[in-house]
Amino acid sequence: MEKTDRFDGFSVNIFLDEDGEYLAHFVEMPNVSAFGDSPEQALQELETAWEGVKESLQKHGEPIPIAPSRKEYSGQFNVRIDRRLHRALAMEAARAGVSLNAIVSQKLAKETSAPTSS
């Protein structure tokens, strides 16, 4: 089976630094990075670095990080907000005839590109 995602779901950022070298790093783990004379070389070096990180973690019995895009999510999380905002959201939800969860979910969906299941 051919490996199609050499970075295991992590997002990669590549840019040209002030010294004229390309730097590639994981967005979610900026400490995993590599340089190259071209974007392609920086990506190849990043792949080598990532394989080394995984080998080291396994050798020391530590878990290999999972990219956020690969994790399973329950759809639930707790967030603390100012009580005045809580009240305003509850009142808006009541006026709209929906639950507080629904109004907050709608507002979050407007601010992200994540799909919702409404």
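Val79 counts as exposed, at 58% relative accessibility. Exposed means over 50% relative accessible area, buried means under 20%, and partly exposed lies in between (1.4 Å probe, protein chains only). Val79 sits in the loop between α1 and α2. Helices (H or I, at least four residues) and strands (E, at least two) are DSSP runs, numbered from the N terminus.

This is a predicted model, where local features need pLDDT of at least 70, side-chain atom pairs count only at pLDDT 80 or more, and totals for chains, interfaces and linings use all residues. Residues are numbered from 1 along each chain as its sequence is written, and side-chain values use heavy atoms, with hydrogens and water left out.

Phe77, Val79, Ile81, Leu85 and Leu108 make a nonpolar surface patch of about 500 Å². Patches are built from residues with over 30% relative accessible area and no salt bridge; like charges are joined within 9 Å, and nonpolar side chains (Val, Leu, Ile, Met, Phe, Trp, Tyr) within 5 Å. Accessible areas come from the Shrake-Rupley method with a 1.4 Å probe, and for residues only the protein chains shown count as cover.

Now turn to the charged side chains. A salt bridge is a side-chain nitrogen of Lys or Arg within 4 Å of a carboxyl oxygen of Asp or Glu. By this rule the model holds six salt bridges.

Start with Asp5 and Arg70. Their side chains meet in a salt bridge, 2.4 Å from N to O. The pair links distant parts of the chain, 65 residues apart. Asp5 is in the segment before β1 (12–16), and Arg70 is in the loop between α1 (39–59) and α2 (83–96). Asp5 is partly exposed at 25% relative accessibility. Arg70 is partly exposed too, with a relative accessible area of 43%.

Next comes Asp8. Asp8 forms a salt bridge with Lys54, and their closest N and O atoms are 2.8 Å apart. This pair also links distant parts of the chain: Asp8 lies in the segment before β1, Lys54 in helix α1, 46 residues apart. Are Asp8 and Lys54 buried or exposed? Both are buried.

Last, look at Lys107 and Glu92. They form a salt bridge, with the closest N and O atoms 3.1 Å apart. Lys107 lies in helix α3 (residues 100–111) and Glu92 in helix α2, so the pair ties together parts that are 15 residues apart in sequence. Lys107 is partly exposed at 35% relative accessibility. Glu92 is partly exposed, with a relative accessible area of 27%. Elsewhere, salt bridges that share partners join Asp8, Glu51 and Lys54 into one network.
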